[in-house]
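Reader: I am new to reading protein models. Could you take me through one, feature by feature?

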Amino acid sequence: MSAEIKNLKDLQNVEYSLEKLFSDAEDFLPLLGTDYVELYVGNAKQSALYYKTAFGFQSEAYAGLETGLKDRVSYVLKQDKIRLVLTTPLTSDSPINEHLQKHGDGVKVIALWVENATKAFEETTKRGARPFMEPTCEEDENGQVIRSGIYTYGETVHIFVERKNYQGIFLPGYRKWESHYNPEPTGLKFIDHMVGNVDWNEMNTWCEFYKKVMGFAQIISFDDNDISTEYTALMSKVMSNGNGRIKFPINEPAEGKKKSQIEEYIDFYNGAGVQHIAVATNDIVATVSAMRDRGVEFLYVPETYYDDLLERVGDIEEDIEVLKQHGILIDRDEEGYLLQLFTKPVVDRPTMFFEIIQRKGAQSFGKGNFKALFESIEREQESRGTL
Ligand code: FE2
């Protein structure tokens, strides 16, 4: 841009070039969506039964000894747009064992669907990402898939999946998983966001990683000043990619009266990792009651939570009595409101859990519920004289 600016049109061209430069810079990693989430688990066969029975996932694909794998087995489950992969090692020398020993069952891979996995790898490693998997082409009679991968917080990785030339069920090497046991779905639609817990003072480092390495932008933040300082125990920032399809809130522990729940996670997971997977539904009452009937345990919401609900969130379409009956939480922001509920940890260590969320305009993450939940628990304690 060394040419002289002689008139308004030139100036407009300069502006246009700058704008283009800026959007190109942000678009170096176009993401089409979440491709799959892979959990390393101690016993994939039994975990698969849990996610089918309790969450309503459907049998989708399978790879193991019968398909030529020697060292591990993977079950792929699906519900609407959500794909879960459950992987267990079959041999004692598999590196997956180390992961399990250290972290217990948990999310290893957040796979992202891309147009070009080679370019995604080049662009991110060029910006400082630690490589996990060089671009690799896998093929079978249904076509080819190219995958590559980088590390994010802890031992969690992002795998970029390019599947435009593939027509198979999941990935090359997998076969359709036929099962006679097919419980009904519970209405889970897609992954709304996935939250990472990182260690003390590391939130900004990882937000910077998503900004610099993956071109994300920060959309929301809240710290201990936003919530009751007496009870708050975490700080959070939400990073989003350009089209908003991928949202990663990052939490770090904060000092509070009690031990931070984030610190507890870090202790039991032995480091940073995925805290919760938030899945969207169009009917949270139906989804939550179906899941509860099938054995999912949700976080306990004291009845006192609903006492000041209307003052806090204003008018809502739902019957508060019904929400109360199901223990569903509500929060409002400038754009609308949301309904949400958290499961208890779905594994034995107090680490990973799920969130069920229904958005009615709101684009935030339920910040108001932290305070409201803490306060209602406090009211209960007060009534018992244990505060
Ligand atoms: Fe969440």
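Author: We go through the metal site, a sheet and some salt bridges. This is a predicted model, where local features need pLDDT of at least 70, side-chain atom pairs count only at pLDDT 80 or more, and totals for chains, interfaces and linings use all residues. Residues are numbered from 1 along each chain as its sequence is written, and side-chain values use heavy atoms, with hydrogens and water left out.

Reader: Which residues coordinate the iron ion?

Author: Start with the term. Donors are N, O and S atoms within 2.8 Å of the metal (3.2 Å for Na, K and Ca); water is not among the atoms, so sites may look incomplete. Here H193 (NE2), H276 (NE2) and E355 (OE) coordinate the iron ion at 2.0 to 2.2 Å. Along the chain, the donors have the spacing H-x82-H-x78-E. H276 sits in strand β14 (residues 273-281) and E355 in strand β17 (residues 353-360), 79 residues apart. Helices (H or I, at least four residues) and strands (E, at least two) are DSSP runs, numbered from the N terminus.

Reader: Are H276 and E355 buried or exposed?

Author: Buried means under 20% relative accessible area, exposed over 50%, and partly exposed in between (1.4 Å probe, protein chains only). Both H276 and E355 are buried.

Reader: What is the order of the strands in the open sheet?

Author: Two strands pair if DSSP finds at least two bridges between them. The nine strands run β6-β7-β8-β5-β1-β4-β3-β2-β9, with mixed pairing. At the edges are β6 (131-140) and β9 (175-176), each pairing on one side only. Strands β2 (residues 58-63) and β3 (residues 72-79) are antiparallel, joined by five bridges. Y62 stands opposite Y75 in β3.

Reader: How many salt bridges does the structure hold?

Author: First the idea. Side chains of opposite charge can pair when their charged atoms come close. A salt bridge is a side-chain nitrogen of Lys or Arg within 4 Å of a carboxyl oxygen of Asp or Glu. The structure holds 14. One of them joins K360 and E318 (2.6 Å, N to O). K360 lies in strand β17, and E318 in the loop between α8 (309-313) and α9 (320-326), 42 residues apart. K360 is partly exposed at 24% relative accessible area, whereas E318 is buried at 18%.

Reader: Where do E123 and K119 lie?

Author: Both are in helix α4 (residues 117-126), and because they are four residues apart, about one helical turn separates them. K119, E123, K126 and R127 are linked in a network of salt bridges.
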